[in-house]
Amino acid sequence: MKTMIANVVFISTLLFLQGCAGPKPVAPWERGYLADPAMQWQRSAREAKFAGHVYTSKEASSGGSGAAGGGCGCN
Amino acid sequence: MRLPVFCFASLLYLLHPAGALADGNITVAPGFRLPAIANADGTIELDSYLGKVTYLDFWASWCGPCRLSLPALDALYEELRSEGLEVVAVSVDVVDEDSLDFLKRYSVSYPVAIDTTGDIARSYSVGGMPSGYLIDRTGVIRAVHVGFKRGDEEKLRLEIMELLEE
């Protein structure tokens, strides 16, 4: 009985931990979904940059809104 | 002693997000038959290119570097087709209109097929966009190119020339 309970706990723990695996990464041929305009944080990148410029001018400070570049290390 | 090893192995398997992904060590080019969207009628079948040096290119309309790779590949195709080079492009767009719009801006003269389900891209374990597979006359993949930047066409040209001379 004790062994059976231990086995059930063990299997339940494994199943529970499977949730940590998370979703599979998006395949390269499926990245069109991520490139869709509906997936962007802002409607227009140019408009967002202009709004950010106005905001930093009014606040007399800048920064804290993110970093430049796409994470490729080339900028 | 066996139980901890089993537990550790199980955990490694369960926590590995890409555990079920296919491995990238393909040697023989997987065959396919796909609907053609440009420069060919009906379907495009890879088996019909056996006996020829073929460059299979996976691309998409949303892929930035494909704006460089398609014209570069077209120039290579125009230059080396008389020597026996074949180029087959496979678009992985979900909607064929997106590919056709792209081809209006970056027209090519080689056959283009479309893989809307992504099954063929999956069978090649495509690692990025664009991805090119240089296939020899026996149907074996001899080189894989992932991504594209200016100057890559020269390296590719040398590889193709080498295969054409075999």
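In the predicted model, chain A contains three helices and zero strands. Along the sequence, the elements of chain A follow the pattern α-α-α. Of the 75 residues in this chain, 4% count as buried.

Chain A is in contact with chain B through 15 residues, to which chain B contributes 18 residues. On the side of chain A that touches chain B, two or more residues come from each of α1 (2–18) and α2 (32–35) of chain A. The largest contribution to this side is that of α1(A), with three residues. Sorted by class, the side of chain A that touches chain B comprises nine nonpolar, three polar and three charged residues.

In chain B, strand β4 (residues 85–91) is largely enclosed by the rest of the structure, because six of its seven residues are buried. A residue is counted as buried here if 20 or more other C-beta atoms lie within 10 Å of its own. Strand β4(B) pairs with two strands of chain B, described in turn below.

Strand β3 (residues 53–59) of chain B runs parallel to β4(B), and seven bridges join the two. Within this pairing, Asp57(B) has Ala89(B) of β4(B) as its bridge partner. The two strands, together with helix α2 (residues 66–80) of chain B, form a right-handed β-α-β unit. Strand β5 (residues 112–114) of chain B is also parallel to β4(B), to which it is joined by three bridges. Here the bridge partner of Val90(B) is Ala113(B) in β5(B). A right-handed β-α-β unit is made by β4(B), helix α3 (residues 96–105) of chain B and β5(B).

In soluble globular proteins, nonpolar side chains tend to be buried together.

Conventions: Residues numbered from 1 in each chain as written. Chains lettered and ligands numbered in written order. Predicted model: local features only at pLDDT ≥ 70, side-chain atom pairs only at ≥ 80, totals over all residues. Buried ≥ 20, exposed ≤ 12 C-beta atoms within 10 Å, placed from the backbone. Helix = DSSP H or I, 4+ residues; strand = E, 2+ residues; numbered from the N terminus. Pairing = 2+ DSSP bridges. Right-handed = clockwise from strand over helix to strand, strands pointing away. Contact = placed C-beta atoms within 7 Å. Nonpolar A, V, L, I, M, F, W, Y, C, P; charged D, E, K, R; others polar.
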